[in-house]
Amino acid sequence: MEEPLVVEHRDDRGVVTLTLNRPQSFNALSEAMLAALGETIDGLADDPGVRAVVLGAAGMAFCAGHDLKEMRAEPSLEYYQQLFAQCTAVMLAIQRLPVPVVARVHGLATAAGCQLVAMCDLAVASETARFAVSGINVGLFCATPGVALSRNVPRKAAFEMLVTGEFVTAEQARVLGLVNKVAAPEALDDEIEALVAGIVAKPAAAVAMGKALFYRQLEAGIESAYEDAAATMACNMMEPSALEGVAAFIEKRPPRW
């Protein structure tokens, strides 16, 4: 039997690790890989037991982007429109998950692979990781990766990456805001565990409300953003976990969640 394209593992805290499992092709996002990833994410969206997701990859690279051999095999406008729509749906599904998604990045993350990192809520990279939106090197401007990239890093830095196709190091990616933390390869999982532990220690309802609001307000004008944020905080404040947290603060004791 063939191994699954996306391997799923869940611990007893509700932390789900998804591993892209096409190492021989540097985990390129073939149609089948996109379908498997999309189906897996959709399955997690309605699962109240999930508290956080870590997205990693097998082999030498995180993700080399779209499968160019597969793309070249059927050069029609209709096919390309369908492919990029499929990819967009998967990227948005990550953002719409009610739990934080942490990218675990090692090796290369190029083109749509870099987009995948940018669409995750958080990212931790190995010191050996490198990032690029390199489609321009084959005559294809990385338009859809540019949507995610330009929402992570400053405009001029994003545009430079898009028009040159040049790589940035893990540390450069951290400075630009594409990743949160950089760790030695042997410490990558420990760094991710520390981040995830801090997330799952917080009330799930507050995290879910906060994540949804975070992305809504980013795309809104400031007045609409404040209005939405105020309404969200009011609803959040009525959650039992928030009422208990505030009471615990006032009473100078740990919260009982």
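Met237, Leu243, Val246, Phe249 and Ile250 form a nonpolar patch on the surface of this predicted model. Helix 11, spanning residues 240-250, contributes the largest share of the patch, with 4 residues. Phe249 lies in that helix. Its relative accessibility is 72%, so Phe249 counts as exposed.

**Domains and their interface**

The chain splits into domain 1 (6-200) and domain 2 (204-251). Their C-alpha centres lie 27 Å apart. At the interface, 10 residues of domain 1 are in contact with 6 residues of domain 2. The two domains bury about 660 Å² between them. Carbon and sulfur atoms account for 48% of that area. On the domain 1 side, Arg51, Gln95 and Pro98 supply 52% of the area buried against domain 2, more than any other three residues.

Charge pairing also spans this boundary. Across the interface of domain 1 and domain 2 there are 2 salt bridges.

**Salt bridges**

Side chains of opposite charge can pair when their charged atoms come close. The model's salt bridges number 12.

| Pair | N to O distance |
|---|---|
| Arg151 and Glu219 | 2.9 Å |
| Arg13 and Asp11 | 2.8 Å |
| Glu244 and Arg253 | 2.7 Å |
| Arg253 and Glu251 | 2.7 Å |

How exposed are the partners? Arg13 has 31% relative accessibility and therefore counts as partly exposed. Its partner Asp11 is partly exposed as well, at 23%. Arg253 pairs with Glu244 and also with Glu251. Glu244 counts as buried because its relative accessibility is 16%, below the 20% cut-off. Glu251 stands at 49% and counts as partly exposed. Elsewhere, salt bridges that share partners join Glu8, Arg10 and Asp47 into one network.

**Helix 3**

Leu77 lies in helix 3, which covers residues 77-96. Is Leu77 buried or exposed? Its relative accessible area is 63%, so Leu77 is exposed. Leu77 and Gly14 are 63 residues apart in sequence. In space, their C-alpha atoms are 41 Å apart.

How values were computed
Residues are numbered from 1 along each chain as its sequence is written. This is a predicted model: local features need pLDDT of at least 70, side-chain atom pairs count only at pLDDT 80 or more; totals for chains, interfaces and linings use all residues. Side-chain values use heavy atoms; hydrogens and water are left out. Patches are made of residues with over 30% relative accessible area and no salt bridge: like charges are joined within 9 Å, nonpolar side chains (Val, Leu, Ile, Met, Phe, Trp, Tyr) within 5 Å. Accessible areas come from the Shrake-Rupley method with a 1.4 Å probe; for residues, only the protein chains shown count as cover. A salt bridge is a side-chain nitrogen of Lys or Arg within 4 Å of a carboxyl oxygen of Asp or Glu. Helices (H or I, at least four residues) and strands (E, at least two) are DSSP runs, numbered from the N terminus. Buried means under 20% relative accessible area, exposed over 50%, partly exposed in between (1.4 Å probe, protein chains only). Domain bounds come from an automatic or database domain assignment. Contact means heavy atoms within 4.5 Å. Buried area is the accessible area (1.4 Å probe) that two parts lose on being put together, summed over both.
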